[in-house]
Amino acid sequence: MSYQQLYINGQWLSPKNGQTFSSIDPSNEQEIAQVAAASVEDAELAVQAARQAFDQTDWANQPKQRAAYLRAIAQEIRNQLDALAELEVRDNGKPLPEAVWDIQDAAGCFDFYADLAEQLDPNHEENIPLADERFNSVVRKEAVGVACAIIPWNYPLLMAAWKVAPALAAGCTLILKPAEATSLTAIELGRIAEKVGLPAGVLNIVTGIGSEIGPYLTAHPEIDKVAFTGSVPVGKQIMQSAAHNVKNLSLELGGKSAFIIFSDSDLDAAVEWIMFGIFWNQGQVCSATSRVLVQQEIYPELLQRLSAAAQKIKIGNGLDAGVKLGPLVNAKQYQQVMQAIRQGQADGVQLLSGGQRPAHLPQGYYVEPTIFVDVPLEHPLWTDEIFGPVVAIRAFQHEQEAIQLANNSIFGLAGAVMSKDLTRCQRVARKLRAGIIWINCSQPTFTEAPWGGYKQSGIGRELGIWGLENYLEIKQITSYSSDQPWGWYTS
């Protein structure tokens, strides 16, 4: 199937510059497809299509029709579940069961926001009591307008759903810019939109090189909203770009989340959740609990059990049965992760296990599950987001120390705490400075609950009702309702 066209204004168009780029299978470093590389001229066509669909059609005033389209998209994703999951594996590298889970979640996300869309009444206005009874004031919610969604490569279709579904539910029109490393399922989403009859211009998909078209889109005066998920450095660039016209902005950025494990924890459960928190999706998860704090009493035994379990993880092509750890997404990410590992070793940080390319996988971007222990607090392995299957572990003595160490980070996306003492878990959870806290688990994510972080982990929240509100503006309408003239200047 061809991926050399852009989906703009309900049509498939070749890039005006005729350029494409390669999509690479990270398991074998072979090309999957050539993908359309949009030019600035193509991006402008997408903006104008979205602008026209918002300004000159009744899309924003038809919540029930929007809900019907969202449900149709959800159903079509389910109809194509196997094909989309396999494509996601080939494009991203993750194991097939994880990809199936992601595609199912993406369909569920569209259904969830279809329900919320149906609850929106374009004529609903809330009366606001005023101290001056001569005035009447109402508040209404309206779609923010044209949105630009820029998504990362770690959960390609799911991250698209997290933005496309609430934006369309709110009544916005949208330009979707997928990561160039993983554009294929986003293009398939365009085919699905076309198949269900989504009105022209409501959803436009422009694939291409982010550094070439990203700044153009984020600074464009006719785009009302930018929603970005990705790295902190790129998020800062987008903030600067959007600041020129004070654009509505939401950012979901990086993390270096801490996982506190107290000595009364079940060791088998602790090992399972540590591995799920850092090795799921090859550690390419913004909320990954990549800093683990273990109470001293169980520290030696937990390290022993964790190392043994990590070395048993089956590594390989995500399409192979039983694989739990696939390749990293591309050569650039592989090199960055391996450089972080090599630097840690050169600096004398103790490597407990992993840290190499698996001997039986000479091709592909594979990295063994990697465990560093007794990591110095100032070392990049402890402070920086590695975004790979690399965990840094330290011991702690008491609760307050663990909380202080966990909070000592520029990030604040997530955190976790494990103990049989649920009162302590609740107490610690409320002291951690992060937007998402897990108790006796790590990484479960639900469409109904808000997602986002404190500090340099971002601005705003996705998912749940909060994700819908990302794409709504609040308008006050105040009327003078007295029969008596105001008379300030005329009396």
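## Pockets, cavities and a few residues to look at

Glutamine 443 counts as buried, with 9% relative accessibility (buried means under 20% relative accessible area, exposed over 50%, and partly exposed in between, with a 1.4 Å probe and protein chains only). You will find glutamine 443 in the loop between β19 (436-439) and β20 (454-455); helices (H or I, at least four residues) and strands (E, at least two) are DSSP runs numbered from the N terminus. Its phi is near 90°, a positive value in a residue other than glycine.

A word on the model: it is predicted, local features need pLDDT of at least 70, side-chain atom pairs count only at pLDDT 80 or more, and totals for chains, interfaces and linings use all residues. Residues are numbered from 1 along each chain as its sequence is written, and side-chain values use heavy atoms, with hydrogens and water left out.

Valine 246 also has a positive phi, near 45°. Valine 246 sits in the loop between α8 (232-243) and β11 (248-252), and with 72% relative accessibility it counts as exposed.

Now to the spaces in the structure. On a 1 Å grid over the protein atoms alone, a cavity is a set of points where a 1.4 Å probe fits but cannot get out, while a pocket is an open set with protein on both sides within 12 Å along at least five of seven lines; lining residues have an atom within 4 Å of a point. The structure holds three cavities of 30 Å³ or more.

| Space | Volume | Residues nearest the centre |
|---|---|---|
| Largest pocket | about 1,300 Å³ | Trp153, Gly230, Ser231, Val234 and Lys332 |
| Largest cavity | about 110 Å³ | Arg291, Ala406, Ala414, Arg433 and Ala434 |

The lining of the largest pocket has 23 nonpolar, 17 polar and five charged residues. Among the elements that each supply at least two of its residues are α7 (210-218), β10 (225-229) and α11 (331-346). For the largest cavity, the lining divides into eight nonpolar, five polar and four charged residues, and α13 (399-407), β17 (411-412) and β18 (414-418) each give two or more.

Finally, which residues form a nonpolar patch on the surface? Tyr480, Trp486, Trp488 and Tyr489 do, with about 600 Å² of accessible area together. Tyrosine 489 lies in the segment after β22 (472-480) and is exposed, with a relative accessible area of 77%.

Notes. Patches are made of residues with over 30% relative accessible area and no salt bridge: like charges are joined within 9 Å, nonpolar side chains (Val, Leu, Ile, Met, Phe, Trp, Tyr) within 5 Å. Accessible areas come from the Shrake-Rupley method with a 1.4 Å probe; for residues, only the protein chains shown count as cover. A salt bridge is a side-chain nitrogen of Lys or Arg within 4 Å of a carboxyl oxygen of Asp or Glu. Grid points are joined across faces, edges and corners, and a volume is the space filled by probe spheres set on the points. Ala, Val, Leu, Ile, Met, Phe, Trp, Tyr, Cys and Pro count as nonpolar, Asp, Glu, Lys and Arg as charged, and the others, Gly among them, as polar.
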